Each structure stands twice: as structure tokens, then as C-alpha cells.
Amino acid sequence: MPEEADPEVVGSPHGAARRRTYRYRGLAVAVGIGLVLGVAGGIAAHAVWPDESPATDKPPAAAGTVASEAETIRAAMLKQKRVGVGVLAREGGDPDFFTGRARLELRDAATAHAETHVLYDMGEGHAWYPPEIVLIGNRAAITPAKEMTGPAYGRDGAFRTVSDANAAATNDVPLHNALEARWLAEPAHLVALLDGATRVSTRRAGAGDTRTLTGSTPLRVLGADAVAGRLYRPYAAANPGGTVRFTLTVNSRDLPGTLKTEVPSLPDEDIFSVEYRRWGKGAPITRLPGAAQ
């Protein structure tokens, strides 16, 4: 399947479009990215935030320093090529809530392939048959919800392909959540937050193995970003004067550990959490056998 640039998001189940009612919105929708094989229970990802160990604070960094930090982190991520993540989007009870796990292949500064499984309900009494959604560029290959995948089932079963995932996601909540989870975790999101920040402070824990960056970035800046705008454009349209607050932890190898963002959204705010794990692990993410080129 060829690489494609993602076009502008032309609508979303989120943001201003939340007033729309979906048939399956009554269920808690959960997205897991990563090839989770032969599991019969729900997926839950819980971000691990910095402990309260003694730390030292540094004054807000200058713009040049922040840009250098962003480039250092992006380069470290791309060098690893692959990563698994846990994602928690919004609060439980929010109709747009989802939680899950992810596996990304980082192709370049603006491109990430993803393997996804979408869990439609975390409650009791519901069988777990998540559709598998493989995202390559703006194309998606979606295995039907009741088609189990993995070594015991094979990967050549029935699935459909979507040539324009962004457009289709306007009326497809699982597909939109899969895209949104990728947008949250990819390097371009972190770079946009740091490069566009009006204020960033750094806090080092213990002997300096982990540093925590906290800051704020205007929604209008994020909404205008070529890559991160796919996530933030609906929020920026609804609240152009808003500011996103973020907390990012980075280890001694300049690799992200956790990311938390707080995004203004009526009536309160949407909170997103990402936990990065298994850097450099896993096989390449490719199109499903028989999928359209």
C-alpha cells in the first residue's frame, strides 16, 4: 500500500460534532493499537506518571532550547523505529472516551503506520471481538468485529479496505478512535506541543535519569500544524483562544515515557494520556495479505 499524506480532517465524531448521536455511542468505546492475539478479556492502559521523588526545577526554557529539545526527542524516537503505547482518551462516562494499547512503526518525522484493535465495550456481559484496523498512510484495512485474528485464526480472513480513512472516520467511531490514538502517540504530536509552546519548564528527578517537561501551547497553533492539526482542528475551531497544557516525561536516552495533555473542551476539558513502552521491539507493520494496493 503506498504512502499517502493525510488530508485535512473534514469532520469528526468529536469536538463540535459531538452533538451527533451514534447508534453505538451508548457503549464505552475503546481503542487498542497493537497486535493483541488470542486475548478474551478487555484491554486497559494506565499511564504511569512521575513519582514524587526529590527534583530540581529549572526556569522556563527559551524558544531555541525548546526547539532543540523537540528535535532531540524526535530523533531518538525515529532511531528506535517501533514502539508500543497505552492510550487513555478523556474521562470514563464521556461519550468519546476510549482506552487501549498501541503499536506504531515510525517511518519518518510525519508518518507512522499502526496496527489497531478496537474494543467496543469494557462492561460485563459483552463478548470481546475487536475489529483489527491497520492504518498505513490514509488507508485502512478493517477486519470485521467478529473475525478473530492471530496464529490460531489466520490473517487472511474477510476484511474491507478504506482508501480515505480521515473522511470515513467522520461517521465511523472505531476508525476515528484508531486514527486519534495514532495522532496522540506519534512524534509529530510531541514536536508540535514543544515547538509551539509559549512556556516550558523542566524538572529533573533523582540523579537526572528522568526529566519532566511541563508547558502550554495555544490551540490555534496546534490546529494549524500540518500533522497535529488532524487531532486539534475541531478543538481549535470551537475554542480558538484556548491553550493545551501538557506534561511529558523523557528518560536518559531522550525517549518519551509518558505524555499527558489537557485540552479545553466544553463543558470542561478533555484529558489524554499516553504511556510509551517496548521501544524498538516488534515486527514491521505492513498491509494485510490481499489488501488493495
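This is a predicted model: local features need pLDDT of at least 70, side-chain atom pairs count only at pLDDT 80 or more; totals for chains, interfaces and linings use all residues.
A salt bridge, as the term is used here, is a side-chain nitrogen of Lys or Arg within 4 Å of a carboxyl oxygen of Asp or Glu. R245 makes a salt bridge with E269, and the closest N and O atoms are 3.1 Å apart. R245 sits in strand β11 (residues 243-250) and E269 in strand β13 (residues 268-277), so this pair links distant parts of the chain, 24 residues apart. Elsewhere, salt bridges with shared partners bring E69, R211 and D254 together into one network.

Let's step back for the overall view. The protein is built from six helices and 13 strands. It has 293 residues, and 51% of them count as buried. Its accessible surface comes to about 13,100 Å², with 52% of that belonging to carbon and sulfur atoms. If you take the contacts between residues at least 6 apart in sequence, 67% of them join residues at least 24 apart.

Now back to charges, as the structure holds eleven salt bridges. Side chains of opposite charge can pair when their charged atoms come close. One example is R103 with E115, whose side chains meet at 2.9 Å, N to O. Another example is R107 with E105, where the closest N and O atoms are 3.1 Å apart. In this pair, R107 is partly exposed at 45% relative accessibility, whereas E105 is buried at 8%.

Next, look inside. The largest nonpolar core has 54 residues, and those with the most contacts within it include V85, L135, A140, L175 and Y276. Helix α3 (residues 173-185) gives the most to this core, contributing seven residues.

Y276 also deserves a look for its ring. A search of the whole structure turns up one aromatic pair, and this is Y276 with W279. Their rings are stacked, with 5.7 Å from centre to centre and 10 degrees between the planes. Both residues are buried, Y276 at 6% relative accessibility and W279 at 13%.

L135, another of the core residues with the most contacts, takes us to strand β6 (residues 132-136), where five of the five residues are buried. In a regular strand the side chains alternate between the two faces of the sheet. Both faces of β6 are covered, with E132, V134 and I136 buried on one side and I133 and L135 buried on the other. Strand β6 runs antiparallel to strand β7 (residues 139-142), and four bridges join the two. Across that pairing, V134 has A141 in β7 as its bridge partner. The hairpin of β6 and β7 has two residues between its strands, and G137 there adopts a positive phi near 60 degrees.

Notes. Residues are numbered from 1 along each chain as its sequence is written. Side-chain values use heavy atoms; hydrogens and water are left out. Buried means under 20% relative accessible area, exposed over 50%, partly exposed in between (1.4 Å probe, protein chains only). Contact means heavy atoms within 4.5 Å. Accessible areas come from the Shrake-Rupley method with a 1.4 Å probe; for residues, only the protein chains shown count as cover. A nonpolar core is a set of buried Ala, Val, Leu, Ile, Met, Phe, Trp, Tyr and Cys residues joined through side-chain atoms within 4.5 Å. Rings of Phe, Tyr and Trp (its six-membered ring) pair if their centres lie within 6.5 Å; planes under 30 degrees apart count as stacked, over 60 as edge-to-face and the rest as tilted. Two strands pair if DSSP finds at least two bridges between them.
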